[in-house]
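Subject: Structure handover

Hi,

Here is the model I promised to pass on to you. Please have it open while you read, as my notes follow below.

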Amino acid sequence: MDVRMAIMSTSALFIGENKNAAAVFSLLLERDFGLDCVSAVNSKHAIELLKNEPHAFGLCIFLLPATGVKEFLEVLKTLPRQIPVMLTADDAHLNHCTQFLPYHPLAAKIAYSVDWQIISTAITRLLRVVDRKERKLAPFCALDANLFLRLEESPYDLYLKLSDDKMVLVFRRGTNILSDDTEKYQLKNHPHFYLKAQDYLQALELFLNKIKETLKAETPLHNDKLSSIAMFTHQNMRQMIQRLGLSDTAIEMANSSIRSIHKMLNSNDKIAEHFTKFLTKKNYLSEHCLAIPFVVAGMATTITSFPAVDLEKITFASMFHDIGLEDLEMAQVRHINDQVERNWGSAKLSVIKQHPYASVELIKKLSGVPADSEKIILQHHERPDGSGFPHGVDYKKISPLSAMFIVAEEFVSSVYDSGLDKMNVDAVMDDLALIFHKGNFLMAFKALQTAVGHGPLQLIKGQ
Ligand SMILES: [Fe+2]
Ligand SMILES: [Fe+2]
């Protein structure tokens, strides 16, 4: 794979028949990834575009159902370099297309969802593999002219581009956009309006919200039960664990650890109530708290004489590590990077950075908290290279239990994004191998590898 070529590509190719979905993807890819989005109505059209300009695209997004998926993936294989492709659909169509999808470390499949957070993290993971660099905003940015035709008056100054260095102002902020005018400006030859960079970001938000509303109204959304992203819901926990292929010993260890933490919590009425409320919600926040102890138990069984009490420390930490956060989306921020900084703004960012402390403050009210759990909670966002928060503890200083927790959580949140099929678990493990390769993190990662039987095409037993 030629990673360098992928880095230089600044476009994403979207393939799908739903125009509103295409518009949403286009705006979000621009906003969050600085990727221009080129839209193809079907796979034939997409193949043409790819063949003409194979180096233009750094990412393909294929919205199913659509015909020609197989042909499209075949053509991808013949290109001079591998382009990451994300197939997105409801479960029925994902299952159908599984047969076409070859093992491909740069491919991810996720369930179709209007939840951009889920799609965005899946794309982040894909792009992390090709290590795409941030693209700077140009002074003027283009948006599809048709978007503005939905509005009565222009909320921004709109320009047409006459040449590379000549822009002409055609609609002033607040003036009416009439179809006559658009004809007058011969928009057929100018499919884009250009906006100043500062207006552009606002415009992205504006259209995004508008189109999302339309999309919500017209697309029958799949309820969570049908979606593979909901694999950690309580009723599906058992299935998730089975699909991970953890040993019976690991499952029993996790269960008994969770039981003993429950027992301890029941003697703390107030917290028990708060905690039960928290855990019975069906969302990422509560579900990953339950999934982590199972993954850690799997890791623990691969380590000779791992003390049960250590698993309890991690189980406790798992249940409370994000209790200082109420916002679901915030809980899904694993590390701070430029994109996160741009999306969240400084006030929310500081809540995110401080939440390990907030969680520790809350559990101080409890009695019987296992020793070291506080430390794990405080360290749960630290990274091997010291880029984590709140303290920037690196691989030399991280505690062994914290390292296990961090590796397990990274694994759980990555498969939550991408789905628990063997190809994605494999790709996730490949990603993690690049991050956790030193000190206690490496030990933890090796334990995880053994626990989930990491290796191409045999990760998930019974499939
Ligand atoms: Fe978490
Ligand atoms: Fe957290």
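**Strands and their partners**

Ala12 has Cys37 in strand S2 as its bridge partner. Between S1 and S2, the chain passes through helix H2 (residues 19-33), making a β-α-β crossover that is right-handed; that term applies if, with the strands pointing away from the viewer, the path from the first strand over the helix to the second runs clockwise. Helices (H or I, at least four residues) and strands (E, at least two) are DSSP runs, numbered from the N terminus.

Before going further, please keep in mind that this is a predicted model, where local features need pLDDT of at least 70 and side-chain atom pairs count only at pLDDT 80 or more, while totals for chains, interfaces and linings use all residues. Residues are numbered from 1 along each chain as its sequence is written, and chains are lettered from A and ligands numbered from 1 in the order in which they are written.

Back to the strands: S1 (residues 11-15) and S2 (residues 36-40) run parallel, with 5 bridges between them. S1 is also parallel to strand S3 (residues 57-63), again through 5 bridges. Two strands count as paired if DSSP finds at least two bridges between them. On the S3 side, Ile15 is bridged to Phe62. Of the 5 residues in S1, 4 are buried. Here, buried stands for 20 or more other C-beta atoms within 10 Å of a residue's own, exposed for 12 or fewer, and partly exposed for anything in between, with C-beta atoms placed from the backbone.

**Backbone points to look at**

The peptide bond from Phe389 to Pro390 is cis, and its omega is near 5 degrees. Pro390 sits in the loop between helix H17 (373-379) and helix H18 (400-418).

Two residues other than glycine have a positive phi. For Ser305, phi is near 40 degrees; this residue belongs to the loop between helix H13 (284-300) and helix H14 (308-320). Ser305 is exposed because it has 5 C-beta neighbours inside 10 Å. For Asp372, phi is about 75 degrees, and its place is the loop between H16 and H17. Asp372 has 18 other C-beta atoms within 10 Å, so it counts as partly exposed.

**A contact across the sequence**

Glu361 is part of helix H16 (residues 338-363). With 12 other C-beta atoms within 10 Å, Glu361 is exposed.

Best wishes
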